[in-house]
Amino acid sequence: MTRLALLTGGARGIGAAIARRLAEDGLTVLIADLEIEAAQATAAALPGKGHAAFKLDVSVEAEVESLFDRLEAEHGAISVLVCNAGVLILPGGQRPPIWETPLEEWEKTHAVNTRGTFLCARAYLRRRLKTPVQDGRIVTLGSVAAQLGGYRSSSAYISSKSGVLGFTKAAAREAAPLGITVNAVAPGVIDAPMLRQSLAPEGDAAMAGAIPLNRLGTPEDVAAAVGYLVSPAASYLTGVTIDVNGGYRMQ
Ligand SMILES: NC(=O)c1ccc[n+]([C@@H]2O[C@H](COP(=O)([O-])OP(=O)(O)OC[C@H]3O[C@@H](n4cnc5c(N)ncnc54)[C@H](O)[C@@H]3O)[C@@H](O)[C@H]2O)c1
């Protein structure tokens, strides 16, 4: 039987690359995204059968619970959850100083990035308590911005992604007795839409010069790490963060 993966924010960018990677590895991929038309197009282009897309706002508790109910009734138990949906609010492409950050932008960023990860992980774990799966996995998306304090990202984004990294460790402890691993991937400077809010292509060479591997990352670089974490080969890793950043930050 193929393993079922629920991937949030899979319509485009890093999420779309994760969808392709998981499908190539033989998983059935259910994409949940605000942008339903783009999500449907991404799902339709995946190799293999059974992939589908659904509209979801990860920050809304009732939507998350009802989508999990529907998916598990129609498709069966979800084995793999990838919490990739995220937002970075950068008005004018500039990092806003804390003293100019509106409360609504702070709240919205945390609602999607941190609350959304919590709501999806909670919905998944609630159902796995009742219906266990083989090789259960949660993968969250952190960011090098959270690890470094960021240079281009807002304080709200940095704070929200730090919350994701802490939550990932807490979830790893609590999910371990269920045989479920919980790990994070922390992308560095990745050529995907979120980065392009603050970096025009003319700036790529200078940016690459600050990265030991001398290039920006690709969505596929991030997807490869997610693919490994959800594979049975990664069964003894939990509570870790895999940095996919070309050496931009070393521990
Ligand atoms: N691009 C980078 O350089 C970079 C670096 C570090 C971390 N990340 C993280 O990787 C992930 C993907 O980044 P990306 O560059 O592909 O971003 P992106 O903006 O291209 O894609 C984000 C996806 O999430 C969806 N989304 C946004 N809000 C949502 C919500 N409330 N509910 C459901 N879906 C929602 C969007 O529709 C979109 O499909 C994010 O979590 C981001 O924070 C990206």
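How many nonpolar, polar and charged residues does the shell around the ligand have?

## Ligand shell

The model is predicted. In it, the shell around the ligand is made up of 16 nonpolar, nine polar and four charged residues. Altogether, 29 residues surround the ligand, and Gly-9, Gly-13, Gly-86, Ala-192 and Met-194 are the closest of them. Helix H1 (13-24), helix H4 (103-130) and helix H7 (193-196) are the elements that give two or more residues to this shell.

Strand E1 covers residues 4-8, and five of its five residues are buried, so the strand is largely enclosed by the rest of the structure. The burial applies to both faces of E1: Leu-4, Leu-6 and Thr-8 are buried on one side, and Ala-5 and Leu-7 are buried on the other.

E1 is paired with two strands. Strand E2 (residues 28-33) runs parallel to E1 and is joined to it by five bridges; Leu-4 of E1 has Thr-28 as its bridge partner in E2. Strand E4 (residues 80-83) also runs parallel to E1, with four bridges between them.

## Nonpolar core

The largest nonpolar core has 72 residues. Those with the most contacts inside this core are Ala-5, Val-29, Ile-31, Leu-81, Val-185 and Val-226.

Which residues does Val-226 contact, leaving aside its neighbours within four places in sequence? They are Ile-18, Arg-21, Val-82, Val-139 and Val-185. Val-185 is itself among the core residues with the most contacts.

## Ile-78

Ile-78 lies in the loop that runs between helix H3 (61-75) and E4.

Not counting residues up to four places away in sequence, Ile-78 touches Leu-4, Leu-6, Leu-71, Glu-72 and Tyr-124. Leu-4 and Leu-6 are on one side of E1, along with Thr-8. Ile-78 and Val-29 are 49 residues apart in sequence, and their C-alpha to C-alpha separation in space is 9.8 Å. Val-29 is one of the residues with the most contacts inside the largest nonpolar core.

Conventions:
Residues are numbered from 1 along each chain as its sequence is written. This is a predicted model: local features need pLDDT of at least 70, side-chain atom pairs count only at pLDDT 80 or more; totals for chains, interfaces and linings use all residues. A nonpolar core is a set of buried Ala, Val, Leu, Ile, Met, Phe, Trp, Tyr and Cys residues joined through C-beta atoms within 7 Å. A residue is buried if 20 or more other C-beta atoms lie within 10 Å of its own, exposed if 12 or fewer, and partly exposed in between; C-beta atoms are placed from the backbone. Two residues are in contact if their C-beta atoms, placed from the backbone, lie within 7 Å. A residue is near a molecule or strand if its C-beta atom, placed from the backbone, lies within 6 Å of it. Ala, Val, Leu, Ile, Met, Phe, Trp, Tyr, Cys and Pro count as nonpolar, Asp, Glu, Lys and Arg as charged, and the others, Gly among them, as polar. Two strands pair if DSSP finds at least two bridges between them.
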